[in-house]
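This report describes how two protein chains meet in a model, and then turns to some local details of each chain. Please look over the sequence and the structure before reading on.

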Amino acid sequence: MADEDFDCGESGASTTFPMQCSALRKNGYVMLKNRPCKIVEMSTSKTGKHGHAKVHLVGTDIFTQRKYEDICPSTHNMDVPHVSRKDYQLSNIDDGFLSLMDDNGELREDLKIPEGDVGKDIEKRFDNGENLIITVLKALDEEQVVSIKNVS
Amino acid sequence: QYMPVCFPLGTPGMAPPSMVSTEQRQHAEHVFLSFRKSKSPFAICKHILETSKVDYVLFQAATAIMEAVVREWILLEKTSIESLRTFLLTYVLQRPNLQKYVREQILLAVAVIVKRGSLDKSINCKSVFHEVGQLISSGNPTVQTLACSILTALLSEFSSSSKTSSIGLSMEFHGSCKRLFQEEGLRQIFMLTMEVLQEFSRRENLNAQMSSVFQRYLALANQVLNSPLLKKKKKKNQICFYDSKIREDSDMAQDSLQCLAQLASMHGPIFPDESAQVSYLAHLVEGLLSMINGIEIEDSEAVGISNIISNLITMFPRSILTALPSDLFTSFINCLTLLTCSFGRSAALEEVLDKDDMVYMEAYDKLLESWLTLVQDEEHFPRGCFVQPAIQVFNSYIQCHLAAPDGTRNLSVNGIASHDEEEINELQEDDRELFSDQLSSIGMLGRVAADHCIPLLTSLLEDRVTRLHGQLQRTQQHLMASSDPGSVDRKVLDDLYEDIHWLILVSGYLLADDPPGETPLIPSEVMEFSIKHSTEVDINTTLQILGSPGEKASSIPGCNRTDSVIRLLSAVLRTSEVESRATRASLTELLSPQMGKDIVWFLRRWAKTYLLVDEKLYQQISIPLSTAFGADTEGAQWIVGYLLEKVINNLSVWSSEADLANDTVELLVTLVEKRERANIVVQCESWWSLAKQFASRSPPLHLLSSSVQRSLMKALVLGGFAHMDSDTKQQYWAEVLHPLQQRFLNLINQENFAQISQEEAVKQEIVATLEALCGIAEATQIDNVVSLFSFLMDFLSSCIGLMEVYSNTPETINLIIEVFVEVAHKQICYLGENKSMKLYEACLTLLQVYSKNNQSRKRGDATAEEDQYQDLLLIMELLTNLLSKEFIDFSENDEVFRNQEQGTPASSRAVSAADVVLYGVNIVLPLMSQDLLKFPSLCNQYYKLITFICEIFPEKIPQLPEELFKSLMFSLELGMTSMSSEISQLCLEALSPLAEQCAKNQEKDTPLFIATRHFLKLVFDMLVLQKHNTEMTVAAGEALYTLVCLHQAEYSELVESLLSSQRDAVIYQRLADAFNKLTASSTPPTMDRKQKVAFLKSLEEFVANVGGLLCVK
């Protein structure tokens, strides 16, 4: 536990925090194989009647949806990623990049149009002149557009 | 003319699938089916039977005969039927090598002919039995086998069960055949069977063929004895010829053991008087004893034998058992004792070998259950007659569960210990539940022999605890020297843990009961045991042993003069102390969470019964027990403090072991749920620090699982209602509840709450608050509801705000709804009108927000799992809870509210329960699809809800929007016709109030009026034409009556059209009479209770008279 303070991201703000394995919850987040995951299954078992509990975790990567599994003693600390969602107003699309403005009026243009259906949907609806709010999911240093909604 | 068709096709019908196409097969089947329906196929069938070599064709010919005889019965000459029957019998007799299924089918045809003939008395059963008797006495095994098959066919055809062939006659016919047969035929069959069995059992040597005949008759005897028809059988034959001849063949052995078990359960009007019953029992027991003593029991016999004994003990009245000659009774009990011990040992072996088929375990369970029955009726038997047996059974149980050298646990036959560590998942039940029946019996036997068992448990447990202490110390030293935790040998520790595990479980079951929802009493045997020895006991030494769990009991001077009951508790406390000290010495990893669970489980069970023992509840009380644990004693105060420390220590050390933490917090709840105990608890400083720690959400309590946190909150709230002076009380709430409120308000009132709401820390705080609110609601009792309600109400509106914020987080939404569900569940029954209305308003707002959010919510596809619909289930639960106030309402004493509400007309109320519930139904109904009704929890909750609504607010149903009304009516019909009988009953109960509502309004042609007309037909058909569950007759009858009142003309039409479809004049008349009688007492039918009751009574008669007439099989 002593080294938990060194697990911080470069910015100085920690991107993950430790949590006792038994305190994790289904639908919560956890780092599995160094990837931020949403816990979809959680169960416990023990070896022998007088053994200590072990936790089996199944999670899906919040960005790639890939499945990861892990098993560890329930007393162990696992890293939990800080996951945040942020809404931006879409102001422009330029050369595959989105121009996004947050609540404070700050503009960023470093996010690409995501691949797949969400991306196509954004382009189509933007071309139709719809006023779009884009939700960006962030964990560790990764960001991804996950959903859009129309402001009417 | 059929032959050319039949022969070539006979083969495809039976050929393997690869040889013929599906079309060919279907065609062949079609030919056979139409052949069976052809008119008078007797000649051709006879011809086929005599010439064909294809078994399947023979089978079809027999079937055709059987169906045609029944179909054309009236047209046939009696003599030709008779000759047909003779032909079939002779046919079978002359062809001993027929395929079995062909022979059985032909004999079935014979049986059906006999049965049909018995209706118009054209065939006399007596002569049939006479013929069979002749076959039996022929001495020819082949002929005897045939006779046996005939009897078997008759037996299954006449028993009115699923075995009966469908021959298109009314259930009434089947029923009357059964009655006739019961009076004469059954006895005949039994006598004939017995004759054969006795003859065979007298023979010295049986060849293979004869023994197969023997086996067939045994199976038949078993079937006769099992038959529900066997009610008035007066003949009691002995069949205690269970000897080596039978045992060699395991199938036969099974049959005859079952026969014996059936014989052992004979009781009731079979016996002319008591002495006949006693002599029958004596005969049976003698036979049983000589059988058991004469053999070495095989694995396959254990269950059969235990069933015989269990039937004997449960079915025979105590007075008959005690009337047995005393030496026979003693031998029986001794035999039972030895058998129990021996089965117990074999069951333990089965566990070691991890066998799939645990026959000895099953047999052992049966015998232990029989002991429980015997011992519970102890007062009927000679005093003390069970003490020695109890000691033996108890000892052998303990021995099987302890490790060597004291015990034999995990020892296989050759004495080698096996020790494998298997993976155990969270679904595996704890031993205390898995073996609760065994443990209850052993605990009960332990009480019977308390003098022996309590000191035995104490000394074993004290010994193990001393050894555990030593072993932990040695391990600690070893760890300090080597520092490699992997080098620790856990075998010795695990053996000790397992010993302690079983000793604590048995002690818990011996010392106390845990009846759900009752205050358990100290078992009288334990109380008497303590009283009996109280003169030899030194109270001070006893208290010293109790109060020093850290010391070895045997090191305390005078330790042999202590109260044994207290000493056993002290032994558990010593175990607990070793555990606690080990955690303080950072040896937690070496400990067993299972043992930790056992300790707090025991302490909880013990505390419920013994702590602050209420002398008023007992006729006599043991001085040591009342001195140590009575009200206002130092002992009670000390032990409350000790238990509290234990709880606090566990919650911080074992947060990673969810089950253990759960058991621990349950102990805490037990300590505070009774006011007397709580009064002592709140005087402890550690209680206050626990409260503060939890309120500040500081480690380690925040690591606990949500259910543990919820229960902890519940305990803290319950504690707050203990006796304290007002300043202290104010301070307590300021420490416990106010921080919760404060932190919550600070958080949600932040300007940027909407933005930070998705941050993990914020989400956790919110979830923790919601869990705490559920815990607070769970703590509701009649005397704290006023303050808790006001406290919770302040939160509810904020919670609704959270519904918007967390609309994307289903698990948080569910938790918010759950808070409402809990508040409604625990509090609505106590609330006066004003407060109820506040709650209704809050719920209505919740529903509005839920509905709004729900429109934009996407759910998974139709294959989604049940927990996707948790919110829907919770909403229905909430609505049902709100409605439940109409049934359970304790709020009448709420004078304050009564006075306030006087003069306030109901119409001016802001919101009524009906508004809320109907609004909710508006949301729920469109979401409930037929697919969702496949989930049992959703289905049950849904029907419970809609039935409640129809019963409580029938006047609101006609006002529902059209679509909603239709789907409600469709739901009722669906529930009535195609769901479980439980749900069907619920729906029937909903109909009467709806019909009454229509009658009240007197408006014809409203949608509800039309719907009830449709229901009239449904219920009518259900009662008259369909086989229905008799439990449902009352519910269906009540519904029918009110519907008849409403739609008298339609009812008459239904009756008329049913009558006019009857061709048989006799049946027509019977039905017409029955219908007249049915409504005679209630003409014209009015919605009057008295008439309704009369109608229900007539309906019962109606169903009995003609119920079977129209139901065809």
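## Polar contacts across the interface

Where chain B and chain A meet, 18 residue pairs are in polar contact, counting pairs in which both residues have pLDDT 80 or more; the model is a predicted one, and the values in this report should be read with that in mind. On the side of chain B that touches chain A, at least two residues each are supplied by strand E1 (423-425), helix H23 (490-511), helix H27 (593-610), helix H33 (706-719) and helix H37 (760-778) of chain B. The largest share of that side comes from H23(B), which gives 6 residues. Sorted by class, the side of chain B that touches chain A is made up of 14 charged, 13 polar and 9 nonpolar residues.

Charged side chains also pair across the boundary, and 3 salt bridges are found between chain B and chain A. One of them joins the side chains of Glu498(B) and Lys49(A), with a distance of 2.6 Å from N to O.

## Extent of the contact

The size of an interface is often expressed as the accessible area that is lost when the parts come together. For chain B and chain A, the buried area is about 2400 Å², and 44% of it lies on carbon and sulfur atoms. Within chain B, the residues that lose the most area to chain A are Ile424(B), Ser656(B) and Glu760(B), which together account for 23% of what that side buries. In terms of residues, the contact takes 27 from chain A and 36 from chain B.

## Strands that pair between the chains

Which strand of chain A is joined to E1(B)? It is strand E3 (residues 35-47) of chain A, which runs antiparallel to E1(B) and is joined to it by 3 bridges. Within this pairing, Ser45(A) has Asn425(B) in E1(B) as its bridge partner.

## An annotated domain in chain A

An unreviewed UniProt entry places the feature "domain: Translation initiation factor 5A C-terminal" at residues 82-149 of chain A.

## Backbone details

Most residues other than glycine have a negative phi, and most peptide bonds are trans. Asn27(A) is not a glycine, yet it has a positive phi of about 75°, and it lies in the loop between strand E1 (16-20) and strand E2 (29-32) of chain A. In chain B, the peptide bond joining Ala404(B) and Pro405(B) is cis, with omega about 5°; Pro405(B) is found in the loop between helix H19 (387-401) and E1 of chain B.

Note on methods. Residues numbered from 1 in each chain as written. Chains lettered and ligands numbered in written order. Predicted model: local features only at pLDDT ≥ 70, side-chain atom pairs only at ≥ 80, totals over all residues. Heavy atoms only, no water. Contact = heavy atoms within 4.5 Å. Buried area = accessible area lost by both parts, 1.4 Å probe. Salt bridge = Lys/Arg side-chain N within 4 Å of Asp/Glu carboxyl O. Polar contact = N/O pair within 3.5 Å; in protein donor to acceptor, adjacent residues only side chain to side chain. Helix = DSSP H or I, 4+ residues; strand = E, 2+ residues; numbered from the N terminus. Nonpolar A, V, L, I, M, F, W, Y, C, P; charged D, E, K, R; others polar. Pairing = 2+ DSSP bridges. UniProt positions renumbered as here; feature names shortened; annotations may be inferred.
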